Amino acid sequence: MPEATVTANFDVYRYDPATDAAPRYQRYTLQLAPHTPVLTGLLRIRDELDPTLTLRYSCRSAICGSCAMLVNSKSRLACQTPVGPEIEQHGRIVIDPMRNLPVLRDLVVEMTTFWSKYSRIEPHLIDDPAHPMPVGRETTMSPAQVERFKETPRCIACGACYSACPAVEADAEFPGPMALAKLYRFVVDPRDGARRERLVKIQTEGLWLCLRCHLCTEACPKDVQPSQRIRDLKEMAVAVQGGTEPGSRHAIGFKDNIRSTGTLNEMKLVRQTSGLLGMVAQAPQGIKLSRKKPEILHAPKKIEGQEELEKLYELLDDAPPKEEP
Amino acid sequence: MQRHDVVVVGAGLAGQRAALAAVAAGLDVAIVTKLHPLRSHSGAAQGGINAAVGKEDSVDTHIYDTVKGSDYLGDQDAIEFFCREAGPTVVEMEHFGTIFSRGDDGSLARRPFGGAGFPRTIYAADRTGLALLQALYERLGTEAFTLYEEWDLTSLIVRDGRVQGIVAFDRRHGDFAAIAARSVVIATGPAGRIYGRTTNAHSCTGDGIAAAYDAGAALKDMEFVQFHPTALLESSILITEGARGEGGILKNASGERFMARYAPHVFDLASRDVVSRAIWTEVKEGRGFPGDFVHLELMHLGREKIESRLQEICDFCRSFAGIDPVTEPIPVMPAQHYMMGGVSTNIRGETTIPGLFSAGEAACVSIHGANRLGGNSLLETLVFGKQAGESAAAYTAKAPAASVTADDLDRETGRIRAMSDRKDGEAPAKLRLEMQHTMDELVGIYRVPAELVEALRQIRALKARYRSVRVEDTSKRYNLNLTDALETGHMLELAEVIVAGAIARTESRGAHTRVDFPKRDDGHWMRHTMATKTADGPGLSYAPVAYTRWEPKERVY
């Protein structure tokens, strides 16, 4: 079925740190059917126009995870992104390497940090001496237990989430969405013996650095929904250990504030999150803020309809706990 | 100079399983791979892994189905071993952490597959390869080994009648290295990219098979190339046999369920060679859709089943073809999918060179014979990966120290640097595209003698031109142009072996269908093709098929 082609102008990031003083964009033009994947375009450039264009690719069917890159500034798999809509929306196809990882050459980034954060969450089953694996046969796992993995088994470790994550950009210690989604996969695994230890450990190893912006979920080509799984990890961590970190104490305090008055008591929340000493340390900012917003010095009154809110909380309290399999 | 006890080349399921076995023997193991292990093509396997673990099923039936599927070219002793190992292998992978789909009773769910007497294909939705690859990678990650990630294999070092190591180059820095090893395991997967229309990943370029061949190892049954019946039109992206296992049906342009004419008992679930020939025949005889394809219909299965059990397929169709399989038929045509042939090994993974082992799709034991059954390849990677790793470890314990010399390295770097130094010559991509065109057009499902002869002429002409291939990219860092040149050279060698084997085999068996010899000829041809490299191209000889309990019969599905 011959299909009308469109002019596809690719502006591709080129940079060889060994020889180039600075990165530049190179324009390549092809005639392509609109449904052609960006990767196919880039490989045609390699085959027909410029064999020096450098990128990672392999399966071309969104399963090997090699070709994550920025397509018009969004972290995508090049093989899964058709050129047509990009051209319609942006007039051209701007290709950059993933963010948050150093460039090795052109679109190829150094992924060592990404992989080491993945291994740091101990991505393997840890024996449970109380429940050894059955001998000579598989573990029994109900379809409901399989369901609890959610979409995490679909992760192809492409790094698109890591590239899209502002928390990674802000704090090198943040494990990143992929590693945390992977951690979730082990935490809910009925075969794993270290559920509690994993949750306790991650509380102090970056779980609460997530900004809840959901850009990872937006970027994920396999619908793994890392941000939702990070939220689940936070709930489960608080359920097994309570608030031990500023992050978890902040979340608990926030809920407690809203429940009691329907609004935030910011002074109280600071104390709940950081403790008395922390409050003293933050006093200079507090004083500055109170000049602009004097109301923060007074405990807020209950809002109108707080009783309704309390009823909602009671309903939530009665709901079955999320974290038990 | 780097030195290890065992070097495994390739980090898919076979390579990783081999490495795990060698590590378990307490050896210093290295994996050399051109892709990060999780990027390996094993991860693209969709439908499942066979194991006769159901109450109504039996290992004997699995053996019989595999023997019949192989069109009696599979070695029956190897097949018996293979099928017996299936249950323990799947259980081991489950214990390693694989997330399989489950039945209501919590046991491993099973689906029907082509050519199988019972539903015995255990699966993880339609991403079984990915599920296994993740679990094995994560299990292997708890062990100590050296990973040479994004290194390209250029050749094997064989001296004094045994393997001494490999030469490889580090893409990131562009440096060549000779790595000494007392044993080497080739687990580099297939060479499907010899064809243009293939379900295989771009990385499937047969590097290890070609290096073994170049070093003098025999290749077995290379002319047997499997065409998967259902690849998405145009992109040739695989649509799993599991789609038909779940109840999907094939229809021609007049809406006829044509498989009834070709496989009156099992319809769409005949073995792959049978279904691919049927589709091809329908299209060639004018019963296909305009543009040459047939339809795979899933709509009658209902949204829930399609979206849960064939989730990736749904995504593929929506992303890559703009088609929703819940409401529309999928346009499909056969495409190259699997190589039954490979580096000849025995049941222990030993090749014809001492110290050289092989497993997975790169190898040929042979358990698939002339046609592989769906669900048997994932199993093969694990069963024979472990065999090869254990054999390599046992060999290594007794082998003398390996010796590699500066000369080994210089010879390779000299050969390869010459590609970069010349000022004119052809681009590897040009040669690769022409080779793919030749194979697509002349060495397909139905093989015509005159076309095969022409294909051989064209491949040999391409090999001659390859001698002046030019690498235009001068950068040392991540020079994919150089990788492309090496891969193209590997594929041209193997293409020649495929075509030479196909010309010589004057019968039709499994995936090898000669229009001039439409019948199987057990009297002359129930034997393996063995190809070794000579100055004039592949030298062919033949080896007997191991035979235990199953008499050759006509195959009817």
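Student: How much area do chain B and chain A bury between them?

Tutor: The model before us is a predicted one. The size of an interface is often given as the accessible area lost when the parts come together. Of the area buried here, 52% is on carbon and sulfur atoms. For chain B and chain A, the buried area is about 4,900 Å².

Student: How many residues of chain B are in contact with chain A?

Tutor: Contact is judged by heavy atoms within 4.5 Å. On the side of chain A, 60 residues take part. On the side of chain B, the number is 61.

Student: Which helix gives the most to the side of chain B that touches chain A, and with how many residues?

Tutor: Polar contacts between chain B and chain A number 36 residue pairs, with both residues at pLDDT 80 or more. Several helices of chain B each supply at least two residues to the side that touches chain A, among them α3 (76-96), α13 (428-442) and α15 (480-504). The residues of that side comprise 20 nonpolar, 22 polar and 19 charged. The helix that gives the most is α10(B), with six residues.

Student: How many salt bridges lie across the interface of chain B and chain A?

Tutor: Side chains of opposite charge can pair when their charged atoms come close. One salt bridge joins Arg105(A) to Asp473(B), with N to O at 2.8 Å. Over all chains, the whole structure holds 86 salt bridges. Across the interface of chain B and chain A, the count is nine.

Student: How many residues apart are Arg14(A) and Asp106(A)?

Tutor: Arg14(A) and Asp106(A) form a salt bridge, and their closest N and O atoms are 2.9 Å apart. Arg14(A) belongs to strand β1 (residues 6-14) of chain A, whereas Asp106(A) is in the loop between β6 (103-105) and β7 (108-109). The pair thus links distant parts of the chain, and the separation is 92 residues.

Student: At what angle do helix α1 and helix α11 of chain B pack?

Tutor: Residues of α1(B), including Leu13(B) and Ala14(B), meet residues of α11(B), including Leu378(B) and Thr381(B). The residues of this contact divide into eight nonpolar, three polar and three charged. The crossing is right-handed. The axes are 7 Å apart, and the angle is about 35°.

Student: Is the peptide bond from Val365(B) to Ser366(B) cis or trans?

Tutor: Ser366(B) lies in the loop between β17 (363-364) and α11 of chain B. Omega for the bond from Val365(B) to Ser366(B) is near 15°, and the bond is cis.

Student: What is the phi of Tyr72(B)?

Tutor: Tyr72(B) is in the loop between α2 (59-69) and α3 of chain B. Its phi is positive in a residue other than glycine, with a value near 65°.

Terms used
Residues numbered from 1 in each chain as written. Chains lettered and ligands numbered in written order. Predicted model: local features only at pLDDT ≥ 70, side-chain atom pairs only at ≥ 80, totals over all residues. Heavy atoms only, no water. Buried area = accessible area lost by both parts, 1.4 Å probe. Salt bridge = Lys/Arg side-chain N within 4 Å of Asp/Glu carboxyl O. Polar contact = N/O pair within 3.5 Å; in protein donor to acceptor, adjacent residues only side chain to side chain. Helix = DSSP H or I, 4+ residues; strand = E, 2+ residues; numbered from the N terminus. Nonpolar A, V, L, I, M, F, W, Y, C, P; charged D, E, K, R; others polar. Axes fitted to C-alpha atoms, helices over the stretch in contact; angles between N-to-C directions. Left-handed = near helix turned anticlockwise from the far one by under 90°.
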